[in-house]
Amino acid sequence: MSRAVHKFGGSSLSSANRYHAVANIILSQASEGDVIVVSAAGKTTDILVKLWQSYQQQDQQALSDVLALLEQHQSELIQELLVAPFQQSVLSALAGELADISEQINTAQLQEAQLLAHGELWSARLLAHYLKQLDANARAFDARQLLTLADGQLQHETNKQACAQLGLTQYNVVTGFIAADEAGNTVTLGRNGSDYSATLLARYIDAQSVSIWTDTQGVFSTDPRKVKRAIRYGKICRAQANLLARLGNPVLHAKTLTPLKDSTIKLVVRSSFDSSSAATEIVTEGLAKQKRFITNLDNYDLLKVADLHEGEVGELSRVIQHALHHFDHGDDTFLLVPAQYSNQISALLTGRSNLVESNVSGLAIVCEQGAGHTLAAQAKAILAENNVTLRFVSPHDEYCILLCEQQLDTDRLTILHDQLVSVSQELAVIVAGLGNVGAVFIEQLEKQLLRLNQLLPVKLVGLVRSQHMLFNPSGLNPENWTDTWQSQAVPFISKELLNHLSELDYEHKVVIDITASESFSQLYPQFVDAGCHLICANKYAGTAELNWYQALQENLKLRNLQWRYNTSVGAGLPINFALNDLLNSGDKVERLTGVFSGTLSWLCAHYDGSQPFSELVMQAKEMGYSEPDPREDLSGRDVQRKLLILARELGLTLDLDDIELSPLMPQALIDGDWDFFIDNLVLLDEYVSKLAAQAAAQNKVLRYAAELELNADKLVAKVGLKPVDKDDALATLKPGDNIFVINSQWYQDNPLVIQGPGAGKEVTAAGIHSDLYWLSKSLAK
Ligand SMILES: NC(=O)C1=CN([C@@H]2O[C@H](COP(=O)(O)OP(=O)(O)OC[C@H]3O[C@@H](n4cnc5c(N)ncnc54)[C@H](O)[C@@H]3O)[C@@H](O)[C@H]2O)C=CC1
Ligand SMILES: N[C@@H](CC=O)C(=O)O
């Protein structure tokens, strides 16, 4: 049976709402038999520490205030989450424990570790009861019954046996942070001890994975609160994770990783605030490319040290499980030590060290093996240009340390990140649909890659057709993809495609949909979950049911991903750009009209009755103007979709059926299948010839027009055939051209007009390249 450990930190349990969210995660993502490790809720540990300090200072007023605060915080949580009979029993257990603490205070028997343990015990008990209340089989465990240390050493065999109590048919909610010594006394596992509890328990129960649920969406290239363009990495290899942890990365901790050494247990850092968001997986060597990170070294002490012997810095750093850095200045040797370990290190150096400065700051740049020296030199030059003086630079193969004269502000950190980290990002491109447009897009890609690669490295890594797909994470050559396809393409299975996308270890990924497939467009939410940007010529997602469409947009926004669909309307014409630009400039679009179909424009312009209309339809299909099934064009549905895409672009919350439609084909051909259509083309010919004759009788010609009117009191949205004068702008359009006429507050009497080819494989492929260019440019910033 495969088991998992899920660990939830204090911020994930800080309120009743957070408990709801955590319970949802457990019920949806964990299974019975799994272990749920919890920290103390919210600020509980801080309050318990305050209580301990007040006890030591014998501050009676503070003691009673802090006890009251603890009681209030815990009982509020209990009352908000539990109902009878659980509420009463948990409240009365809490009252008993608080009375015991008071008694221990009064009799001077309070013990620090035992006091602090209450935070985790309360969380575990409350969560287990809350899960039971939700009809889940859950049981709370006190980790002091599971984890024993003797002389500070974990008793692995004993612990493993004790962990057999963690049942396979229940959710095992275990306290993090605490353990017991051989005499049964409480001991704590130190800072970030709950993460350590989680990986230890995973080892003892042979779990397959450990998820550390926290308040960030995984591990970033640098602090995302300081650098907006910090990159969230999907995968980090263990060696880099270890190094980051030793350098003090706030998300990963050195101790957490130790139990996983030599195991295949998967470690994932995920956000409990957005459980569906992508996460960071710590994978074994070789399964992730090496990344770059900038970690701030804040709150360090500078010690002057005498007589350091060879290898001593390494030994000391192993003891504290944190990297230490030393440098010589003049005749003196200095050691840079995280402030919390300063006393311990001074004690180990037995009188050979002096604290010369506190609160020094610097940074560590972690990079791919071998790049440390070059990066150190580059960082030094960039910082010098930005008036930052360095006191000490220590380059190593896979990282470098820089000690600055002054603390690095956000602007300078951003500059450094942009120039040293962002440049190492790559964009992986997956193209689906290699028909008319797709094939030309790939032909143009080879040349275009040269241009894109000047912005950021872009690689074609996947090709997808309706039956088969081809993947190569190291890159496919767009010039000879057909040869590789012949020998290496595998059947297209959407689940496999999604696996490939999630596995792809690139900082940026984009799926380019040049299919006309509705079912393929329905995979977009999963592409987004796998961290992919979207570019599409396909119109189905943009015209999908409103709730689905809005949820997709929300999801993209949440993950800071882009969706570009410039070519879904007007092929390569910049209609979406124009509308967005007007909106961004504060204008208000009042009317949007025109001819939005290349096929229908071409057909209407060419039809003069000398040739059956249906023959022209087949020519339009041949030329790659029409949809794969031209009935999508003739039914007016394609234009209806385009009008909806533009209406949504303008902020309207419409669905397809809100747009009135009159078709350019008889209903019988719409209702029948493709064979019926082919067998009855004569019905189409008669239908169109009759309408054309009626128009000619009025000295007019037929055009297929779209109209959107957005006045405050009325909304007109319709597409259909329109008889127009022969000198009308719609009538004089070149065959195949589209025209978009925009009336807005600023373009009221003299409208803004965009006109040009509205279909065709070359222009459409070029429009998709435009989307890819703008995506690459925005990612490369
Ligand atoms: N042809 C044009 O002028 C324009 C076309 N478009 C849009 O571009 C898209 C492609 O148009 P064309 O190249 O003309 O169509 P096409 O029919 O020639 O090519 C579509 C390709 O997608 C593949 N495909 C179908 N279902 C698939 C699936 N589930 N997964 C992967 N691949 C699948 C097909 O095998 C085919 O090779 C359509 O959505 C169309 O509306 C947009 C603007 C202009
Ligand atoms: N079939 C469409 C192609 C572009 O979207 C058209 O003819 O306009």
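Domain bounds in this briefing come from an automatic or database domain assignment. The centres of domain 2 and domain 4, taken over C-alpha atoms, are separated by 65 Å. This is a predicted model, in which local features need pLDDT of at least 70 and side-chain atom pairs count only at pLDDT 80 or more, while totals for chains, interfaces and linings use all residues. Residues are numbered from 1 along each chain as its sequence is written, with chains lettered from A and ligands numbered from 1 in the order in which they are written.

**Domains**

- The assignment divides the protein chain into domain 1 (4-215), domain 2 (293-424), domain 3 (427-569) and domain 4 (575-758).

**Ligand 1**

- A residue counts as near a ligand if its C-beta atom, placed from the backbone, lies within 6 Å of it.
- There are 30 residues around ligand 1, and Gly433, Gly435, Ser517, Ala537 and Pro628 come nearest.
- Domain 3 and domain 4 each contribute at least three residues to this shell.
- Helices here are DSSP runs (H or I, at least four residues) and strands likewise (E, at least two), numbered from the N terminus.
- At least two residues of the shell come from each of α14 (436-452), α17 (518-521) and α28 (761-780).
- With three residues, α14 gives the most.
- By class, the shell holds twelve nonpolar, 14 polar and four charged residues; Ala, Val, Leu, Ile, Met, Phe, Trp, Tyr, Cys and Pro count as nonpolar, Asp, Glu, Lys and Arg as charged, and the others, Gly among them, as polar.

**Ligand 2**

- Around ligand 2 stand Ala571, Ser597, Gly598, Thr599, Tyr625, Ser626, Glu627, Asp633, Asp638, Gly758 and Ala759.
- This shell divides into three nonpolar, five polar and three charged residues.

**Strand pairing**

- Two strands pair if DSSP finds at least two bridges between them.
- Strand β13 (residues 266-271) pairs with strand β9 (residues 209-214) in the parallel sense over six bridges, and Ser211 stands opposite Val268 in β13.
- β13 also pairs with strand β14 (residues 280-283), in the antiparallel sense over three bridges.
- In that pairing, Leu267 stands opposite Ile282 in β14.

**Helix packing**

- Helix α2 (residues 44-56) and helix α3 (residues 60-81) have axes that come within 9 Å and cross at roughly 160°.
- That angle makes α2 roughly antiparallel to α3.
- Axes are lines fitted to C-alpha atoms, for helices over the stretch in contact, with angles running from 0 to 180 degrees between N-to-C directions; those over 145 degrees count as roughly antiparallel.
- The crossing of α2 and α3 is left-handed, meaning that the near helix is turned anticlockwise from the far one by less than a right angle.

Key. Angles under 35 degrees count as roughly parallel, over 145 as roughly antiparallel, 65 to 115 as roughly perpendicular and the rest as oblique.
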